[in-house]
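Please look over the sequence and the model shown here before reading on.

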Amino acid sequence: MFNIRSSPKKPSGAGPLQGYKITNELRSKKYGVAADSLAMLRMKAAEKFKLENCRVYLAQDGVEVLDEDYFRTLPAQVLFVVAERDAIVKTDFELMYDAIQQTHSELIEAGSLAKQFVSNNQTQIARMLEEAQRAQDERTAKSRRSEHAEWFEGFDSRAGQTKEEIMQRRGQDRIRGYFYKTKDELTKCAIYRGNVMAKELIDEMLELFRHLLIGFDYFSAIFDRSHPARLPDNAEVSDLVVGSGERTVAAAAAASPDGQEDEVDAQRIVPKRMKLAIKETLEKDGNAIERYRVALCNSRGEFRCMGLWNERKCKYGAHVINPYASRENMILFQVWNLDHQVEISRSVLPSIVQNVARVVAKEADAVCRVHNRRGKKLSVITYFIELFTLGNLKLVHIVCHDKSIHDMISRGAIICEKCAEYKYIKEFQSKIRFNKNALM
């Protein structure tokens, strides 16, 4: 004969069967059980621990679970403490505290004495903290090498005499690195080496990139707290509106130390004359790139992480740093990254190569999408913004630097003679030649 037992009746409104952990108030035994309701959990716990009036508590904070609806909001594998009705149930923290008190009572006593000391000397301690903060703020505000010598340790005197000059150099180095990467990858591709027309297109584009970078001083402003234009709080770069206080191109040229060359391979004409010609051209012209020449810090030099490439802002409030405050902060700032939202190697440079190949081969799709005409050039300004400007760059803490594939594509395209960008590029090249000749 079969010994058939009727299974317990499922309570009304029972949820799915889930696994939970149960233990006693001393944490001496622990079991894993499956239950679909608080009633089933109580029944199994009472059986395991031989309890007459089983009560259920959360081990983390000691809250007693009385309600079926609340029980169903708890995740699987949560740990419950089960005990008799009148038992004293302690939380995990209280048990740990008791254990520390028994084995390391001196630590608890020291903590109590420290708490009492702070309580009895609140005014004096607050004054000391204020003085320490004031001293730190004063050091941060100092700018010259003679005022904060410790900050300049490791920097040659030729690198700059102020913190702002050093940080300008740091910004330039980052952007210059992107130019070298772009130049290296484009001049090594097969189409550049195997097709004369492709080589001419790429060389012309690289030359325009170089001229624009010289004109904007390789965006030295991004890390410079003295720069008058800065990214507004809680704003994306696309929200930028350059104010009337924006430093002019001529002023930026005047601020650059004489004899400092921006580009080591720009030796075909006198570097200073070349820079002045380009800056004068941009100053008279007005352009869409000027809006990205801003500082990413506030006037004190404090930088905030701009968040993951696909998020509007950083979700970590602690991702803040002021490299102007100390040498240690300056070193830590080196691991903060300028992250391309549209990636250089995976999107921007392949787009350039593909569009060059279409133009050279005169393929059917090598047309300007705006005017539906056969294209002859590439949208240099669009590519420039994606490669070198804050239109595509975000300053991020190392935790927010996502190196996985970014699901964004380049907006660079093929353009024709009717495009405003095509006309601007031609006029820009012509004006540079004119201004350069006028300065000779």
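In this predicted model, β1 and strand β4 (residues 79-83) run parallel and are joined by three bridges, where strands are DSSP runs of E with at least two residues, helices are DSSP runs of H or I with at least four residues, and both are numbered from the N terminus. Two strands are said to pair if DSSP finds at least two bridges between them. Residues are numbered from 1 along each chain as its sequence is written, and side-chain values use heavy atoms, with hydrogens and water left out. Because the model is predicted, local features need pLDDT of at least 70 and side-chain atom pairs count only at pLDDT 80 or more, while totals for chains, interfaces and linings use all residues.

**Strands around β1**

- Six residues lie between the strands in the hairpin of β1 and β2, where R27 takes a positive phi near 60°.

**Confidence**

- The chain has a mean pLDDT of 82, and 82% of its residues reach 70 or more, pLDDT being the predictor's confidence in each residue, from 0 to 100.
- Over residues 1-12 the pLDDT is below 50, and this stretch has four contacts in the model beyond near neighbours in sequence, a contact meaning heavy atoms within 4.5 Å.
- Residues 240-270 also have pLDDT below 50, but this stretch has 55 contacts beyond near neighbours in sequence.

**Overall makeup**

- The chain contains 14 helices and 12 strands.
- Of its 440 residues, 42% count as buried, which means under 20% relative accessible area, whereas exposed means over 50% and partly exposed in between (1.4 Å probe, protein chains only).
- Among contacts between residues at least 6 apart in sequence, 71% join residues at least 24 apart.

**Charged pairs**

- The structure holds 16 salt bridges, each a side-chain nitrogen of Lys or Arg within 4 Å of a carboxyl oxygen of Asp or Glu.
- The side chain of E417 forms a salt bridge with that of K376 (2.9 Å, N to O).
- E417 lies in the loop between β12 (414-415) and α14 (420-439) and K376 in the loop between β9 (373-374) and β10 (377-378), so this pair ties together parts that are 41 residues apart in sequence.
- Both residues count as partly exposed, E417 at 27% relative accessibility and K376 at 45%.
- Salt bridges that share partners join R300, E302 and R304 into one network, in which E302 meets R300 (3.9 Å, N to O) and also R304 (3.7 Å, N to O).
- E302 is partly exposed, with a relative accessible area of 23%, whereas R304 counts as exposed at 52% relative accessibility.

**Surface and a tyrosine**

- Y316, V335, I398 and V399 make a nonpolar surface patch of about 360 Å².
- Y316 lies in the loop between β5 (303-304) and β6 (320-321), and at 38% relative accessibility this residue counts as partly exposed.
- Y97, in helix α3 (residues 92-103), counts as partly exposed at 34% relative accessibility.

Definitions and conventions:
Patch = residues over 30% accessible without salt bridge, like charges linked within 9 Å, V, L, I, M, F, W, Y side chains within 5 Å. Areas by Shrake-Rupley, 256 points an atom, 1.4 Å probe, with all protein chains shown as cover.
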